[in-house]
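Here are my notes on the model, as promised.

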Amino acid sequence: MNQHKKLGLVTVLFNSPDVLDDFFVSLSCQNYKHYQVYIIDNSTIPEPLAKSRELAERYQIPVTFIDNKGDNVGVAAGNNQGIDVALDDNCDLVLFINNDLIFKDENVLSSLVNSMNSDALNMCSPVILNYPAKKIWYAGGYIDSIKAVAPHHSIDDEYIPNSIQRASFDYAPTCFLMVTAALLRKVGRMDEKYFAYYDDTDFLFRCNQAGYKVELLPNVVIYHKVGSSTGGDLSYFGAYHLARNRIYFIRKNISGIRKYISLLYTVSTRGIRLLSATPEISQAIKKGMADGFKM
């Protein structure tokens, strides 16, 4: 076990104290101990940070707290705050990790770190199952530059142990993604204009351009309480930011005729979506698209 590799775990809090017990229990179970957790608090209420401090002390988890004092600076900016401190602390590896995850297998961190080291990987991800249904949520993915989406392979399929093959992919969500410090220094930080949603798609797109792929390690499985912090894409927040950031992603990253095809496809499909959306969600989508063209 490569305990000499210092691992920095970057997680952003936002108003969801109820998920933290499982998160800290999962960390306390790990047999890999050479890590530091960087907790960035974007919460507008005091409970998440207070509970994190109490749980860190209870389970003797090494944590550096970054308190934004009630200011929600966004997921991307929060991750950047964690990246900066982790690199200043000379972490060899950084794990972007949501705090609504469960991974009580004691070998999760050690398996990922060992594979990163022995196979000279730059990025890796486990298989991620949704919770509590325990169906596949992530088992590989790609970035579709025409539709400007990042689909997950086999999403919502029943999980059958040993059925998923190890492979390299263009995309993995940053709810649980391990990367090297060297990659971060080359690719750079998260684009804070996204605030939330598409910040990971943009980051992985830039990683692809720099020649990096995500290695899926199917022997490692974790669980994700999907949408516990943001309310999912059916909330006003989710609908607005998904529409806005999708337009921004296209305008920023896609070039040539593909850019105009992608914009036409996105505007057309969002228009169709408006036909069945509630008035609140319709307003969110319209405002999101308009703002996306202003960014």
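This is a predicted model: local features need pLDDT of at least 70, side-chain atom pairs count only at pLDDT 80 or more; totals for chains, interfaces and linings use all residues.

**Notes on cysteines and a helix pair**

1. Residues are numbered from 1 along each chain as its sequence is written, and side-chain values use heavy atoms, with hydrogens and water left out.

2. Take C29: its closest cysteine sulfur belongs to C175 and sits 19 Å away, which is too far for a bond. C29 is partly exposed at 29% relative accessible area (between the 20% under which a residue is buried and the 50% over which it is exposed; 1.4 Å probe, protein chains only).

3. C124 isn't in a disulfide either, with the nearest cysteine sulfur, in C207, 13 Å off. C124 is buried, at a relative accessible area of 1%.

4. Now the helices. α8 (residues 256-274) packs on α9 (residues 279-292) at about 160°, axes 10 Å apart. That makes the two roughly antiparallel (angles over 145 degrees), and the crossing of α8 past α9 is left-handed (near helix turned anticlockwise from the far one by less than a right angle).

5. Who touches whom? On the α8 side it is V267, R270, R273 and L274; on the α9 side, I281, S282, I285, K286 and M289 (contact being heavy atoms within 4.5 Å). By class, that contact has five nonpolar residues, three charged and one polar.

Notes: Axes are lines fitted to C-alpha atoms, for helices over the stretch in contact, and angles run from 0 to 180 degrees between N-to-C directions. Helices (H or I, at least four residues) and strands (E, at least two) are DSSP runs, numbered from the N terminus. Angles under 35 degrees count as roughly parallel, over 145 as roughly antiparallel, 65 to 115 as roughly perpendicular and the rest as oblique. Ala, Val, Leu, Ile, Met, Phe, Trp, Tyr, Cys and Pro count as nonpolar, Asp, Glu, Lys and Arg as charged, and the others, Gly among them, as polar. A disulfide is a pair of cysteine sulfur atoms within 2.5 Å.
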